[in-house]
Amino acid sequence: ERAAWIELRQLMYLVVPMPSDASKAGFLMNAFIELDNALGTSYAQEAKIRNATIDIQLVKLLALLVKHRCGLFIIEEGQEDHELSNVKFGRSFLTFFLRLLNTGIPTVLIGNPKAFHEISTSSQLMSRLSNPGARELTPCAIATNAEWTGDYVPGIWGANLLPEPDEPISDLYKFLWDRTGGFVHYLSMWRREATRIALVSGDRSLKRQHLDLAMKSTVMQVGAQIVTSYWNGRLGN
């Protein structure tokens, strides 16, 4: 009441995928659609937005993010095929990121590092983005990696949905690394599949037999091929 507001529909966070054609128009359309999905609004259908120039749409998107007090703006799937050095993005797209950061909205860019080559050429933009931290999420190279032993295995493998503790496994860190190649994604997936098998079986704890069965599942077999391909490429085999 003191702020003279009738209501405020806050946008806690917004996730916008990069468009497949790497165009600003596609990015903006994705943004307005995701905004509507989150808030139940109809910004994507408004004539003033649809008929406006790209630059005006960019300004409108920023205004809406500020208006709805966006808590976190996540731009994901910046894969190599959508590389920001693509001529369709040009310098004006980097200007948009600068404008976005100038609004004070916390922003996260997620994707293949090669997708952000153009960003790395802008010292002004890199200084803003790297201030809170730039993280390259590569697989843990060895089973004794500090993140593997201190974060990932305790955090993911320690998430137990069954009433009793897991069956003990000798040298657990190496056992898990050998079968996942240090990929956190597959570590999590393996835990999920094994837990599902244990629950369906009516067992009260996770056992080695559940892990073996989970490793034979289609999703883990495909994962094993990807892990092998990755490390063969890294090691030059």
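Q: Which residues touch the most other members of the largest nonpolar core?
A: A nonpolar core here is a set of buried Ala, Val, Leu, Ile, Met, Phe, Trp, Tyr and Cys residues joined through side-chain atoms within 4.5 Å; buried means under 20% relative accessible area, exposed over 50% and partly exposed in between, with a 1.4 Å probe and protein chains only. This is a predicted model, where local features need pLDDT of at least 70 and side-chain atom pairs count only at pLDDT 80 or more, while totals for chains, interfaces and linings use all residues. Residues are numbered from 1 along each chain as its sequence is written, and side-chain values use heavy atoms, leaving out hydrogens and water. Out of 27 core residues, the ones to look for are Leu14, Phe27, Phe32, Leu35, Leu61, Leu65 and Phe73.

Q: Which element gives the most to this core?
A: Helices (H or I, at least four residues) and strands (E, at least two) are DSSP runs numbered from the N terminus. Strand 1, helix 1, helix 3 (54–67), strand 2 and helix 4 (90–102) each give two or more residues to this core. With 6 residues, the top contributor is helix 1.

Q: What does Phe32 contact beyond its neighbours within four places in sequence?
A: Contact means heavy atoms within 4.5 Å. On that basis, Phe32 meets Tyr43, Ala44, Ile49, Gln57, Lys60, Leu61 and Leu64.

Q: Which strands stand at the edges of the sheet?
A: Two strands pair if DSSP finds at least two bridges between them. Here 3 strands make an open, parallel sheet in the order 1-2-3. Each edge strand has a single partner, so one side of it is left without a neighbour in the sheet; these are strand 1 (14–17) and strand 3 (107–109).

Q: Which residue of strand 2 is the bridge partner of Val16?
A: Strand 1 pairs with strand 2 (residues 73–76) in the parallel sense, over 4 bridges. In strand 2, Val16 finds its partner in Ile75.

Q: At about what angle does helix 1 run to strand 1?
A: Axes are lines fitted to C-alpha atoms, for helices over the stretch in contact, and angles run from 0 to 180 degrees between N-to-C directions. Helix 1 (residues 24–39) lies across strand 1 and strand 2, and its angle to strand 1 is about 145°.

Q: Which residue's side chain makes a polar contact with the side chain of Ser205?
A: Ser205 sits in the loop between helix 9 (184–201) and helix 10 (208–215), and counts as buried at 7% relative accessibility. A polar contact is a pair of N or O atoms within 3.5 Å; within protein, one must be able to donate a hydrogen and the other to accept it, and residues adjacent in sequence count only if both atoms are side-chain atoms. At 3.2 Å, the partner is Lys207.
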